[in-house]
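Dear colleague,

Please find the structure for your study directly below.

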6 protein chains.
Amino acid sequence: MFLHTSRLQFEAKPSAPDALFARKLQELIGGAWGEMTVTMQYLFQGWNCRVEGKYKDLIMDVATEEIGHVEMLATMCARLLEGAPSEMTADAVKDPAVAAVLGGMDVQQAIVSGGGPTLSDSNGVPWNGRYIVASGNLMADFRVNVAAEAQGRLQTARLYNMTDDPGVRDMLKFNLARDTAHQNMWLAAIEELQEDGLEGPISPSALFDEEHQEHAGTIWHNSDGVHGPEGRWASGPAPDGSHEFSYLMDVEPLGGKASAPPPDPMLYATSPANLGLIEKAIKKLAP
Amino acid sequence: MFLHTSRLQFEAKPSAPDALFARKLQELIGGAWGEMTVTMQYLFQGWNCRVEGKYKDLIMDVATEEIGHVEMLATMCARLLEGAPSEMTADAVKDPAVAAVLGGMDVQQAIVSGGGPTLSDSNGVPWNGRYIVASGNLMADFRVNVAAEAQGRLQTARLYNMTDDPGVRDMLKFNLARDTAHQNMWLAAIEELQEDGLEGPISPSALFDEEHQEHAGTIWHNSDGVHGPEGRWASGPAPDGSHEFSYLMDVEPLGGKASAPPPDPMLYATSPANLGLIEKAIKKLAP
Amino acid sequence: MFLHTSRLQFEAKPSAPDALFARKLQELIGGAWGEMTVTMQYLFQGWNCRVEGKYKDLIMDVATEEIGHVEMLATMCARLLEGAPSEMTADAVKDPAVAAVLGGMDVQQAIVSGGGPTLSDSNGVPWNGRYIVASGNLMADFRVNVAAEAQGRLQTARLYNMTDDPGVRDMLKFNLARDTAHQNMWLAAIEELQEDGLEGPISPSALFDEEHQEHAGTIWHNSDGVHGPEGRWASGPAPDGSHEFSYLMDVEPLGGKASAPPPDPMLYATSPANLGLIEKAIKKLAP
Amino acid sequence: MFLHTSRLQFEAKPSAPDALFARKLQELIGGAWGEMTVTMQYLFQGWNCRVEGKYKDLIMDVATEEIGHVEMLATMCARLLEGAPSEMTADAVKDPAVAAVLGGMDVQQAIVSGGGPTLSDSNGVPWNGRYIVASGNLMADFRVNVAAEAQGRLQTARLYNMTDDPGVRDMLKFNLARDTAHQNMWLAAIEELQEDGLEGPISPSALFDEEHQEHAGTIWHNSDGVHGPEGRWASGPAPDGSHEFSYLMDVEPLGGKASAPPPDPMLYATSPANLGLIEKAIKKLAP
Amino acid sequence: MFLHTSRLQFEAKPSAPDALFARKLQELIGGAWGEMTVTMQYLFQGWNCRVEGKYKDLIMDVATEEIGHVEMLATMCARLLEGAPSEMTADAVKDPAVAAVLGGMDVQQAIVSGGGPTLSDSNGVPWNGRYIVASGNLMADFRVNVAAEAQGRLQTARLYNMTDDPGVRDMLKFNLARDTAHQNMWLAAIEELQEDGLEGPISPSALFDEEHQEHAGTIWHNSDGVHGPEGRWASGPAPDGSHEFSYLMDVEPLGGKASAPPPDPMLYATSPANLGLIEKAIKKLAP
Amino acid sequence: MFLHTSRLQFEAKPSAPDALFARKLQELIGGAWGEMTVTMQYLFQGWNCRVEGKYKDLIMDVATEEIGHVEMLATMCARLLEGAPSEMTADAVKDPAVAAVLGGMDVQQAIVSGGGPTLSDSNGVPWNGRYIVASGNLMADFRVNVAAEAQGRLQTARLYNMTDDPGVRDMLKFNLARDTAHQNMWLAAIEELQEDGLEGPISPSALFDEEHQEHAGTIWHNSDGVHGPEGRWASGPAPDGSHEFSYLMDVEPLGGKASAPPPDPMLYATSPANLGLIEKAIKKLAP
C-alpha cells in the first residue's frame, strides 16, 4: 500500500515560464526512457521478485522514489506552461517571438490538458506498457535497469543544455545526481548477484551445456568494415570466462535454402496447383 | 548496401508442424526483445555511430547477422504452420486435440498471413519502432544491447522448454549460443570503451561537476522493507569510484508543496475565479 | 513524494492457481478501464488541479489508494500463475485439461514475465497514456471519473462470475465495494462542485452566449427508429435548466456542399489541370 | 444501412486559410475525445444495445448525426489548408511569418494527405479503437457519453479562443451548441434510466449484497492533504442512498505482505535454488 | 450529412451461436484490411477529393455502403456470442468442448463489451487511423483501394472455410460478391483515370524528367536467386511505355561510405574528442 | 543470410544541414508508406512465398535493395542534422531564424537519438508491424506493392519540392527513379501472374461460384451525388470479364432489423429483465 505527502522530493520551480521547454520535458515524463518507465518497471519487478530480502527491498525503495520523480516533472511542466499563449490567432503569430513558441510547443498541453503535462513523450506519442520489463530474472532485469538509468541521464543531460533557467537547471541537477546514484547502484547490484552466486554474468545461467558450443564464442563478419577484429571481443577469453573469442572472417551459411511449405488450398496462397483452375473459374462466370 | 543469399545462417526445420509453438515463436520475431528489435537497434546504432573504426564495424557485422535471424525464425514459423487446421468448424472443435490447437494458435497467422508469421509478438501486438534505441552514446547503447541479448536469451531458454521437437530445439540451441556470444561481446565492448578512455562507467561522462553531489551517492528508503541496507550499494565506494554509497533511512521531502499555477481563463480550468460567474451564466440562458 | 509498505491494502490469495483467470485479470490491471488507468488519471488530475483544498486533497487520497490496487492485482496474478504449465510440448496438449489452459492463458505471462503480470489488457495489448484524462476542468474530469469507476465495477462484476475460487472472490468483493464507494464519491463531488458555484452541470460553463442557441436544445432524427421522441429528452426543460428540449423530426442539412479546395500543383493531387499534361509527360519519356 | 447527402449538416467555410489552426482542429477529428470517438462509440453502443425502443433509437439518431460532424471538420480542415506552403525550402523559412506556419503546421497534412486531414490527433497520433466503449450496460455507457461530450465541448471551447476567423467560429458555435444539447440529453437519459427502473445510479446494479459492505462507504486518507474530509463525500448519505459516507483517517493495510510465489525452474527466475548451480555451470564451460 | 435505416444491407443471422467464430470475425471488423478500414479510407478520400463529378460521387456511394458493412458484421458478431460461456470457472473448463471455446474466444468480447464486438482485430489489437490512406492523388489511392478489396476478399474467403453455419455463410457470400464488385469497380476506375487523361499508370505523373532516368528501368540483383531475370520485368518495355526493363546482375554501390557527421558535444555522443576528458572527470570526483 | 557493404547504394550528401527537412524525411524512413515498410513487406512476402522461382527471387532481390534505402535515408538524416541547434534556450528563440528551426524540427532527433533519425514518421509516431502485408497470395500482395510504391513516390515527389538543396535533390531523384522502376515492375508482375495462369485479376480466384452472383456486378447508390453512373463502372463488362456492371439507383436494405440478442444476466447489460430488481437491490442496502 502507498502513502503520499504533498511536498515534492526536490524543488521544481522555474524562474520563468517556457512553453517550448515544457514540451521537451515530456520526454522525461512519458518517453520510452522517462520517469514513468522506471517507475512502472521497478514496481512490476518488485512485485514479481521471487527472492525475499535485500534485492526486493531495494527495488521497492527505488520504485517508490520514482513515482515522486514523475510528480516533480509533472509539477515543473505545469509551472513552465503558466501564461503560455492560449489565444493563438493568425494575428498573434505575426510576432516572431510568439510564433516561435507556437511552433514549438505541444498543442495538446493546451487543448487536452488545459496547461499541464500529458502522459506522452516530447512528440506527443502516449507512454505504453511495452516500455517496461520485469522478467523475474534479476540479472537480465538489472541490466535493463542500468541501461534505463543511462539513457535517462543522457536525455536529462541533453535537456540541461537546452535551458538556462536557474530553477529548471536546479531540478535537473538533482535528477542527474539521482541517475548517477541509480546507475552505480544497479552496477553494484549486478556485482552482488554474482558474488552471492545467484546469477552469472550471462542470462540466464542455464542451458550452456545444450547450446551449440561452437557458435557461442564467435563474432561473424557479415559486413565489410575491416576494423571489427581489432577489439578485445576478437580473441582472448570472454568476460564470463567460458569461451575463447574468435572472429569468423569468411562467413558461410550453415543452413539450407529458406523456403515455405506448400500452401493449404483453403488459404488461397498462390501455388502451382492453381494452374488451369483459375482460367476455368473465370470462364465459367463469363456470360 | 546489402546482399542476400537464400541459404539460411542455420537450419530451421521442425520435425513436425506445431501451430501452438508457431504462435509462441512470434515473441522472438516481433516481441519487444525479439530479433527484429536487435536487428533494427544495431542497424540504427551503426548508421548513427560517430566513431569510425572497430566499434562501428563491429556493430554493422552483428546488425547484418541479425537480419538473418529474423529470416530463420520466419522460415521456421511458416514450416511449423504446415497443415495447421484451416477449416475450424464447430464440428472440428469437438475433438479436444484440435480444440487445443485452435484455442492456442494465432488466428492471424491463418487469416492474415495465409500460414506464415506476422510482424507481431506472441499476443499479436505489432512490433514498433519505439522498441529500439540508438542514442549516439556508445556506453548507454551497449548497456541496452547487453540487456537486449540477456532478455532475448532468457525468452529463448523459456521457449526451449516448451517444445520437444528435435528440429526446433536444434535451431534454438544455435540461437542460445549466439545470444551467449553477443552478451559476452557487448560486455567486452563496454570494458574496451573504458580502457580506450572513450566513455566512463556512468553515462554520459559529463556534468558530474554540476549535478548535486550530495544526492549522487545515496539510496532513499521510501518503502518499509528492512533488508535494503544489507547490500553492497549501502556503503563503500560506488562502482565508478566517484562516491561513497550511503542508505538514507529517514527520508524527508526536500521540495515545497506540489501545486499547479493559477489557470488561464481561456482554458476553462476550474478556479476560484469561477465563483458567481457560472450561476449568472446559467440564469441568463433560462427561459 | 510517496512512501510504501509491503503489506497489501487487502488480501490477495487465491485458493488455487488458475492460469486462465490470470489472463482475464489483466483487464483490471492494464485494460482501458483497469486500475492503472484510474491510478494515473487521478495522479495527473491531482497534480494538474488548480484549486487548492478539499478537491485536490480528495483526488490525491484516492490516487494514492489506487496505486495499491494495481499492487493487489499484480500480486494476485503472480499467485494465480503458480504452477502454470511451462513445458507445453505437443504431448502435453493431448490432455484436454492442459490443452484448455494452454489455449486460454496469456503466453506472454510465461515467456516475457516469467510467471507474473504484464502491463497489458486481457488480449495482451499494452496499456497506454491516452487512456487517461486530466483536463484541468474538474466537472469534465469528475464525469470521466464516475464513468471509469462504473466501467471498472462492471468488469469486476463480470470477472466475479468467471471464478468460483473463494480467495479470488474475497479480493473482488473488496474491489466491488471500493468501486461502489468511489462512484458515490465522484457523484457527491459533482453535486458539491455545483453547490459551491465552481462549475455548472454542462462543461465548460462558458460560451453559452456565443454558441448557436437554436441548436442547443434539439435532438436530430437521423435514423429511422420511431421511439426516440418517447424519452424525457424530447420535450420539457433540459437538466441544466437552460433550454427546452425538442426532437427535430425532419432533418435537413444546413450547410452547403462538402468540397475540398483546388489542389496545390506541388502536392500532385488529381485535378482537371492535369488534362493533357500527363500524356505529354509519358510521351516524352518513350524511347 | 446508411445514406448520405453531399450537403453538410452545418456550414464549414473559413474566411481565410490557416494551416496552424488546421493542425489544432485535428484534435476534434481524431483525438481521444474527438468526433470520430463519439461517432464510433455511439454506433457500437447502438448495435450492441439489448433494449429495443427509445434508448436504442436515440443512440442511433445521435450516432448517425456524428458521422456528419467528422465530415464537417474534415471539410473545414481541407479548406484551412488551401495555399499552405508546400515549398518549404531553407530560404522560405527566413521569413518569420512563413517560419511560424512551418513550425506549427502538421507536416503529414502535406506529405501524406496532400492538403487534407489525417485520422489523427493534433500531435499526429492516429485515432484508435480503444478510445470507444460500448459495454452493453446503458448506465455505465451513458456516463462515458456525458463525459465525452463534456471533454469534447471543453476542447472546442479552447479552440474557439485560438482563432478569430469568423467562418471557423461560426462552425464552432454550432459544435458548442450540439455538445450542450448532447450533454443535457445524456444527463436526461441517465435520469430516465433510473425512473424507468432499468438501472440504478451505481453500475452495475448488482452484487451489492456480496461486496464487502464495510468498505463501500469509506474514503481512505492515503495522502497528507488535510482538507479531504471537508467535502460532502466525508459524511452523510451517499448519492445512491445505500450507505453513510465516512473518511478513514488512519489507514492501515488489511492484507498480508505482497509476495510472488516460488519460481518455476523452467522460467529461470532468480531464486535461492540457484545457489551453487551457477558457479558449477560456468566452471564446466571454462576451458 | 448521413441518414440511417435500422434494416441491414443484407441478412446477418447465424444458425447457431459460435464464440470461436465471433473472435475470427473481428478481423473483418477492426483488422488492418477490415470493413472499418475501407469505410474510413473511402470517406476521407471522398472528402479530400479535388475533382468534382463521377469519381467523387462514386467514392461517396461506396464509402456510405461500407458503413453498413461494419453494421452487418457487428450485428452478426453479437448474435454469434449469444449464450457464450460467461461463467468460466475452473470446473467448467474440465469439459473439453467448453474448454475449446474458452481457449479460442476473445475474452474482451465478454469482459469489455458484454457480448458484443470490439473495434479490434482477431488478436484484440485496436483498429487505428494509420490503416487508411487518402492522399488526394486518385491513381495512388485507387491502387490502395484495389489492394484493400483484394486483401479483404482473401480474408473473407479464408473465414468462409472456417465455418459451416449456413447463416454465416450466406452473409459471407454477400460480402464475397461485394468485394468482387468493388475490385472490378476500382480496376475500371483506374482504366478510366488514364482514358480521361487525368493520371498515368505511374504515380504521380510528374518529375519523370528530373528523376535519374538511368535508374528508372533496372531491377537490381541483390539476392542470389537465379530466376529473377526470367520474368517479363527483366526486358522489354515497361507497362507505362516509358522505359526498357533491364536486370542489373552485377550490382555495385554507387555512393560513398555511410557515415554520420561529427557529434555535437552538447549531445554527448561517443567521440574521439572524449579522449582524456573522461578519465579527468572521474578522477576529479574521486574522494 | 545477409551481407553488407558500408558503401551506400547511392550518394546521400546534403549541401548544407537542414533540421527542418530532417524531420520531414522521417516520413520516408518510418512512415506508413516509407522505406521501412517496403523493406519488411517484401522480406516477409519473400519468406512466405509458396512458389519457388522467378517470383520469389524477384521479391528477395527487391527486398534486399530496400534495406539499403533505409540506410541511405538514415545517413542523409544524420547529415542534415549536423549543427542543428542543441542549446535551445529562451534567448536563442528570440532569433526568428533559429525559432523557425526549433519550432519545426523533431525534438526527439536531438533528445533521444543525439542527432540522428528515429524509427518514426514525420510526426514522431513509431513505425509498426501492422503497416506490412504478406498474405501468401501473390496477386493480392502485388496489388499492395504497386500501391506502396505509388504512395512512396508521391511522398518523395512532395518532399522534392520542399527542398532546394542540390545534394538532397540528387538523392531524391534516385529514389523517384527507383519508385518508378518498382511500380512498373510490380505492374509487369501482375500481368505475368495472369499470363502464367497462376492468378486471375480478382483475388482470390476462388469461390466465385458460391458468392451471391446477383450482387457481384452492382454499384450501390447510397449517396446523393448524381455523377456516379457516368463512369465505365456503371455498365458494360467488368475488367475480369465475368459480369456486366450495373448501377443500382434505388437502394433498399435486403436484411432485417439490426438487433442484438437478449443479454446474458451474468454480463449485466441493461435489459427489461432488470425491471423491479434494481429498486429492490438498492432498498435492501439502505440503512
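In chain E, helix 3 (residues 54-80) packs against helix 7 (residues 166-195) at an angle of about 160°, and their axes are 12 Å apart. Helices here are DSSP runs of H or I with at least four residues, strands are runs of E with at least two, and both are numbered from the N terminus. The axes are lines fitted to C-alpha atoms, for helices over the stretch in contact, and angles run from 0 to 180 degrees between N-to-C directions. Helix 3 of chain E is therefore roughly antiparallel to helix 7 of chain E, a term for angles over 145 degrees.

This is a predicted model, in which local features need pLDDT of at least 70 and side-chain atom pairs count only at pLDDT 80 or more, while totals for chains, interfaces and linings use all residues. Residues are numbered from 1 along each chain as its sequence is written, and chains are lettered from A and ligands numbered from 1 in the order in which they are written.

Which residues join these two helices? From helix 3 of chain E come E:Tyr55, E:Leu58, E:Val62, E:Met72 and E:Met76, and they meet E:Val168, E:Met171, E:His182 and E:Ala189 in helix 7 of chain E. Contact means that the C-beta atoms of two residues, placed from the backbone, lie within 7 Å. By class, this contact of helix 3 with helix 7 in chain E has eight nonpolar, one polar and no charged residues. Nonpolar covers Ala, Val, Leu, Ile, Met, Phe, Trp, Tyr, Cys and Pro, charged covers Asp, Glu, Lys and Arg, and the others, Gly among them, are polar.

Turning to contacts between chains, chain F gives 104 residues and chain E gives 103 residues to their contact. On the side of chain F that touches chain E, the largest share, 15 residues, comes from helix 7 of chain F. By class, that side of chain F has 47 nonpolar, 32 polar and 25 charged residues.

Yours sincerely

Methods:
Angles under 35 degrees count as roughly parallel, over 145 as roughly antiparallel, 65 to 115 as roughly perpendicular and the rest as oblique.
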